[in-house]
Amino acid sequence: FCERNFDAAERLYDAAILSAKTHKFVNEQALSNELAGHFYLDTGRKIKSVNYFMRAFENYTEWGAVAKAASLTKYFEIGDAA
């Protein structure tokens, strides 16, 4: 999204998440959701970012990366502050 093509970035983040889910790569699904969360946060869409961070939390937890999942909880309150 460096080129400010936000529509394409959104589609590609969602495509990466769907592909990881389809192929049962939970770790890649978690990472894709986390990065999408940062994308939405950086582009000012705080409430939408929280949804992606929550999905990343669920994916990391399912994968067994509990400490990584816990590190995302700070982003859950962003939606309340929006």
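Predicted model: local features only at pLDDT ≥ 70, side-chain atom pairs only at ≥ 80, totals over all residues.
In which hand does α1 pass α2, left or right? The crossing of α1 over α2 is left-handed.

Helix α1 covers residues 6–22. Its axis and the axis of α2 come within 8 Å and cross at roughly 160 degrees. Angles over 145 degrees count as roughly antiparallel, and α1 and α2 are therefore roughly antiparallel to each other. On the α1 side the contact is made by F6, A9, E10, Y13, A16, I17, A20 and K21. These meet E28, Q29, S32, N33, L35, A36, F39 and Y40 on the α2 side. Sorted by class, the contact of α1 with α2 holds 10 nonpolar, 3 polar and 3 charged residues.

L12 and A36 are 24 residues apart along the chain, and their C-alpha atoms are separated by 9.4 Å.

Between α1 and α2 runs a loop, and K24 lies in it. With a relative accessible area of 69%, K24 is exposed. Its phi is near 60 degrees, which is a positive value in a residue other than glycine.

The second pair of helices is α2 with α3. Two packed helices are described by the angle between their axes and the distance between the axes. Helix α2 spans residues 26–42, and helix α3 spans residues 46–63. The axes of α2 and α3 come within 8 Å and cross at roughly 160 degrees. These two helices are therefore roughly antiparallel to each other. The crossing in which α2 passes α3 is left-handed.

From α2 they are V26, N27, Q29, A30, L31, N33, E34, A36, G37, H38, Y40 and L41. From α3 they are K46, K48, S49, Y52, F53, R55, A56, N59, Y60, E62 and W63. By class, the contact of α2 with α3 has 11 nonpolar, 7 polar and 5 charged residues.

What does N33 itself touch, leaving out residues up to four places away in sequence? The residues are I17, Y52, R55, A56 and N59. N33 has a relative accessible area of 1% and is buried, because the cut-off for buried is under 20%.

R55, one of the residues touched by N33, has its place in helix α3. R55 is partly exposed, with a relative accessible area of 37%. Between R55 and E10 there are 45 residues in sequence and 16 Å in space, taken from C-alpha to C-alpha.

In soluble globular proteins, nonpolar side chains tend to be buried together. Here the largest nonpolar core has 8 residues, namely A30, F53, A56, Y60, A65, A69, L72 and Y75. Helix α3 supplies the largest share of this core, 3 residues. Apart from it lies another core, of 6 residues, among them A9, I17, A36 and F39.

L72 belongs to the largest core and is found in the loop between α4 and α5. At 1% relative accessibility L72 counts as buried. Leaving out residues up to four places away in sequence, L72 touches E34, F53, A56, F57 and Y60. F53, A56 and Y60 are also members of the largest core. From L72 to N51 the separation is 21 residues in sequence and 11 Å in space, C-alpha to C-alpha.

T73 is found in the loop between α4 (66–71) and α5 (78–81). Is T73 buried, partly exposed or exposed? T73 counts as partly exposed, at 34% relative accessibility. The C-alpha atoms of T73 and V50 are separated by 9.5 Å, while the two residues are 23 residues apart along the chain.

Terms used. Residues numbered from 1 in each chain as written. Heavy atoms only, no water. Core = buried A, V, L, I, M, F, W, Y, C linked by side-chain atoms within 4.5 Å. Buried < 20%, exposed > 50% of the residue type's maximum accessible area, 1.4 Å probe, protein only. Helix = DSSP H or I, 4+ residues; strand = E, 2+ residues; numbered from the N terminus. Axes fitted to C-alpha atoms, helices over the stretch in contact; angles between N-to-C directions. Parallel < 35°, antiparallel > 145°, perpendicular 65-115°, else oblique. Left-handed = near helix turned anticlockwise from the far one by under 90°. Contact = heavy atoms within 4.5 Å. Nonpolar A, V, L, I, M, F, W, Y, C, P; charged D, E, K, R; others polar.
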